[in-house]
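Here is a short report on one structure. Start with the view below, then read on.

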Amino acid sequence: MITSSLPRSSSRLAELRTAQLKDETCQKLIDYVLKGWPSKKEVDTLCAPYWQNHYEISVQDVLLMRGCRIIIPKSHQAEVLNQIHEGHLGITKCRAQARCSVYLPGIKKAIEEKIKSCTACIKESSNRHQPLIPTSFPERPWEVLGLDLFKYKNSWYLLISDYYSRYPEIAGLDRLTSAEVMNHCKSIFSRCPFRQWLTI
């Protein structure tokens, strides 16, 4: 049966069955499944949001389903949304998780609103996107320099760039050590006199 492959414990499935039996909307949906759906104009207002996908709705093991997804009664919808977002995943991953197991009308929008109102996610998002801090343009060459290390084809290199002219100096490193970096810096500074400060 479909329910045997669902990622839910037997006690959880039993809980959802009981909740569906107590839910007015679910009861009307079950009645439509067993007796046949009326025309769109005659569908009960509570079931109208399900009409678009009514051909996918069925009853499996006394459990109301849309395809292979459990239809969640109103009493459990908030709890299920919390469980979907329990790991504070993004909108795309939460929606993908929901597509595997649960359904309620407007679930895509509900997940999006849940994540956008999540305090922890808002805080994490604000920390992740720190604004860039611009630096003032130097008055002359080699007044302000940028320094970085990079790896290319298994070899390490030192890059020093002049903020005024954007002129780069690149030196290959035999060893990735501070002494090796300092030796190359001294060599470059002897040819291009460094005047003020470094940005690393």
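## The strand pair

Ser58 stands opposite Met65 in β2. The strands β1 and β2 run antiparallel, and four bridges join them. This is a predicted model.

Two residues lie between the strands of this hairpin. There, Asp61 takes a positive phi near 55°.

## Helix α2: span and ends

Helix α2 covers residues 24-35, twelve residues in all. From its first C-alpha to its last it reaches 16 Å. That is close to the 16 Å expected at 1.5 Å a residue.

Asp23 caps the N-terminal end of α2. A side-chain oxygen of Asp23 lies 3.1 Å from the backbone nitrogen of Thr25. Just after α2 comes Gly36, with a positive phi of about 105°.

Which residues of α2 are buried? They are Thr25, Cys26, Leu29, Ile30 and Tyr32. Seen down the axis of α2, the buried residues fall within an arc of 160°, so they line one face of the helix. An α-helix has 3.6 residues a turn, so residues three or four places apart point the same way.

The other side of α2 has Glu24, Leu34 and Lys35, which are exposed.

## What covers the buried face

The cover over the buried residues of α2 includes a helix, α1 (10-22). It also includes the strands β1 (57-60) and β2 (63-66). These are the strands joined by four bridges. Thr25 belongs to the buried set of α2, and its backbone nitrogen is the one that lies 3.1 Å from the Asp23 side-chain oxygen.

Terms used: Residues are numbered from 1 along each chain as its sequence is written. This is a predicted model: local features need pLDDT of at least 70, side-chain atom pairs count only at pLDDT 80 or more; totals for chains, interfaces and linings use all residues. Side-chain values use heavy atoms; hydrogens and water are left out. The expected span of a helix is 1.5 Å times one less than its number of residues. Buried means under 20% relative accessible area, exposed over 50%, partly exposed in between (1.4 Å probe, protein chains only). The arc is that of the directions from the helix axis to the C-beta atoms. Contact means heavy atoms within 4.5 Å. A polar contact is a pair of N or O atoms within 3.5 Å; within protein, one must be able to donate a hydrogen and the other to accept it, and residues adjacent in sequence count only if both atoms are side-chain atoms. Two strands pair if DSSP finds at least two bridges between them.
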